[in-house]
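Dear colleague,

I am handing over the structure below, and after it I set out what I found when going through it. Please keep it open beside this message as you read.

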2 protein chains.
Amino acid sequence: MTDQTEQGYFTEENSADVVISRNAKASDARLAQVMDSITRHLHAMVKEVEPTQEEWLKAITFLTETGHKSDDWRQEFILLSDVLGVSMLVDAINNRKPSGASESTVLGPFHVPDAPERPMGSNICLDGKGERMLVKGRILDTNGAPVTGAKIDVWQTNDDGFYDVQQKGIQPDFNFRGVFRTGDDGAYWFWGAKPRSYPIPDDGPVGQLLGSLGRHPYRPAHLHYIIEAAGFETLVTHIFDPDDEYVHSDAVFGVKESLMAEFVHVADADRIAKVQAEGPFFEVTHDFVLAAET
Amino acid sequence: MTDQTEQGYFTEENSADVVISRNAKASDARLAQVMDSITRHLHAMVKEVEPTQEEWLKAITFLTETGHKSDDWRQEFILLSDVLGVSMLVDAINNRKPSGASESTVLGPFHVPDAPERPMGSNICLDGKGERMLVKGRILDTNGAPVTGAKIDVWQTNDDGFYDVQQKGIQPDFNFRGVFRTGDDGAYWFWGAKPRSYPIPDDGPVGQLLGSLGRHPYRPAHLHYIIEAAGFETLVTHIFDPDDEYVHSDAVFGVKESLMAEFVHVADADRIAKVQAEGPFFEVTHDFVLAAET
């Protein structure tokens with residue numbers, strides 16, 4: 001009888017308090033805390049917006065369709081979280097880094113855990129498509145010392161803007177994926193192809209919402225990294241091409257100033273010969289700084 | 001480039017502002033307003049709760065399962081809205097009544113539009129189950145004058161706690177449903193069976209949530225009404241049995257003080273004879289006051 005004796009019956013005025021007092025017997029204190037916050041914000045939002053019954057039903061229908069669009073291969077609620085900036089916010093909250101350490105960004109749905117370890121300098125472009133690209137740099141600690149034995153897991157789309165797992169049977173397995181391990185100098189280098197911007201899946205309710213909001217579904221060109229090393233926090237991040245047309249309007253808000261890399265076009269014959277390239281290429285030099293484990 | 005030039009890139013601090021500025025080209029001003037409120041409250045909630053990545057994924061999974069549980073016959077997102085008090089809040093906002101008018105409550109999912117019109121005094125209990133009940137009263141305006149020609153659409157569960165549409169082929173069609181029309185005196189009366197409390201469907205994610213929150217899934221016994229009359233606002237409401245064990249803890253928060261009715265047990269032989277009952281019965285007398293159309 002808690003809600004009646006303490007709060008009276010539900011009214012427009014006391015609505016959130018009545019619902020929250022009903023949850024007083026929650027077995028889990030964390031769940032109670034989360035539901036308290038959800039309930040307060042949900043009720044405050046409804047009071048601000050004052051939806052009609054038709055608008056409320058439209059919201060119910062949107063959420064239902066978002067669920068129906070989701071299956072083992074497509075997660076429309078994660079897309080919704082992405083385009084509302086919630087995924088990036090959760091990432092930011094969980095990855096506050098000390099000054100000087102490289103910043104994180106969203107993992108995204110296309111990482112695979114079992115990419116092959118390759119020798120430093122390998123070409124992860126297995127389909128031969130795209131503009132030749134050399135990526136290199138060092139893994140450092142916040143004092144600038146090289147990190148030995150860092151595991152660098154890298155992945156990107158091919159030149160058509162698709163990850164290998166989106167085109168099983170069309171792209172070679174593990175196309176544009178590789179795991180590299182640093183030596184004593186903390187250096188890494190590998191060959192790939194200049195990444196391209198690509199749209200997030202936009203044939204579902206989230207794509208329709210983006211359309212209604214006058215927004216495009218594109219992510220600017222980027223490379224994904226997970227960098228792990230003993231004694232350091234794991235870094236999940238991207239690097240971005242600052243010249244990409246979508247770099248200021250990433251559909252999922254993943255871009256940070258510090259994640260910009262320079263994609264330098266190299267046409268100099270000496271440099272081409274020195275790196276044993278077959279012709280002009282893009283060169284990206286980017287160091288990553290790992291935060292010590294706390 | 002709006003978000004970058006005006007707000008800078010997305011950070012933990014400016015997150016909601018960056019997302020909202022991205023929606024500036026929304027075609028529909030109402031949609032932009034709604035998304036502004038949703039975004040601010042969603043980001044504020046995430047900042048309050050600080051979910052781990054695992055908790056965030058648990059929320060995504062919960063919403064996905066809620067979508068997957070929903071189909072043409074089951075609407076799990078409406079149940080979620082119900083148990084969070086959102087359905088009642090939307091009802092309250094859309095049905096602010098002038099002083100003296102009867103209050104509304106939720107429609108619920110079991111109304112059918114084509115129930116048969118029956119002569120006043122009919123018995124809507126077609127399966128012969130339950131405790132005999134006479135329901136009567138008047139439809140009035142806010143000055144206390146009777147409303148002529150009011151259409152009263154009434155429905156309730158049978159004595160097993162199920163609506164006819166939940167037990168197609170088991171219950172007679174239109175069991176415990178009827179439409180009645182008032183005469184010059186505004187009076188109505190019909191026979192039914194004393195309603196019972198029943199659980200909302202709790203074999204899905206919303207039922208699991210209720211369980212984790214230490215809440216039962218029951219609605220206290222009630223009768224549903226839709227009352228329509230020319231020149232008046234349509235009233236969607238219930239009456240409740242104040243002695244029901246769940247009346248202070250309705251799973252969907254539908255109870256209001258003014259919606260309590262008295263269920264009087266009548267065993268007096270003269271009264272039984274006068275209303276031509278076959279034996280003792282419950283008698284419920286409840287007037288409804290309609291608000292004039294604005």
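Ile227(B) touches Ile139(B), Ala150(B), Ile152(B), Leu235(B), Phe288(B) and Leu290(B), if residues up to four places away in sequence are left out of the count. Please bear in mind that this is a predicted model. Ile227(B) also belongs to the largest nonpolar core, a set of 142 residues in which Ile227(A), Leu290(A), Ile227(B) and Leu290(B) have the most contacts. As a general background to this, nonpolar side chains in soluble globular proteins tend to be buried together.

Turning to chain A, strand E7 (residues 222-228) has five of its seven residues buried, and it is therefore largely enclosed by the rest of the structure. E7(A) pairs with strand E2 (residues 151-155) of chain A in the antiparallel sense, over five bridges, and within this pairing Trp155(A) stands opposite His224(A). E7(A) is also joined by six bridges to strand E8 (residues 235-240) of chain A, again running antiparallel, with Ile226(A) opposite Val236(A). The hairpin formed by E7(A) and E8(A) has six residues between the strands, and in it Gly231(A) takes a positive phi near 90°.

As for chain A as a whole, it has eight helices and 11 strands, and its C-alpha atoms fill a box of roughly 80 × 40 × 30 Å along the principal axes. Of its 294 residues, 42% are buried, and among its contacts with a separation of 6 or more, 68% are between residues 24 or more positions apart.

The contact between the two chains takes 64 residues from chain A and 64 residues from chain B. On the side of chain B that touches chain A, the elements giving two or more residues are helices H1 (2-7), H2 (15-22), H3 (29-49), H4 (53-69), H5 (76-83) and H6 (86-94) of chain B, and H3(B) provides the largest share, with 14 residues. By class, this side of chain B has 31 nonpolar, 23 polar and 10 charged residues.

One of those helices, H4(B), may be worth a look of its own. Its 17 residues should span 24 Å at 1.5 Å a residue, and its end C-alpha atoms are 24 Å apart, which agrees. The buried residues of H4(B) are Trp56(B), Leu63(B), Thr64(B), Thr66(B), Gly67(B) and Lys69(B). What covers these buried residues comes from both chains, and includes helices H4 (53-69), H5 (76-83) and H6 (86-94) of chain A, together with H5 and helix H7 (205-212) of chain B.

With best regards

Terms used:
Residues are numbered from 1 along each chain as its sequence is written. Chains are lettered from A and ligands numbered from 1 in the order in which they are written. This is a predicted model: local features need pLDDT of at least 70, side-chain atom pairs count only at pLDDT 80 or more; totals for chains, interfaces and linings use all residues. A residue is buried if 20 or more other C-beta atoms lie within 10 Å of its own, exposed if 12 or fewer, and partly exposed in between; C-beta atoms are placed from the backbone. Helices (H or I, at least four residues) and strands (E, at least two) are DSSP runs, numbered from the N terminus. Two strands pair if DSSP finds at least two bridges between them. Two residues are in contact if their C-beta atoms, placed from the backbone, lie within 7 Å. Ala, Val, Leu, Ile, Met, Phe, Trp, Tyr, Cys and Pro count as nonpolar, Asp, Glu, Lys and Arg as charged, and the others, Gly among them, as polar. The expected span of a helix is 1.5 Å times one less than its number of residues. A nonpolar core is a set of buried Ala, Val, Leu, Ile, Met, Phe, Trp, Tyr and Cys residues joined through C-beta atoms within 7 Å.
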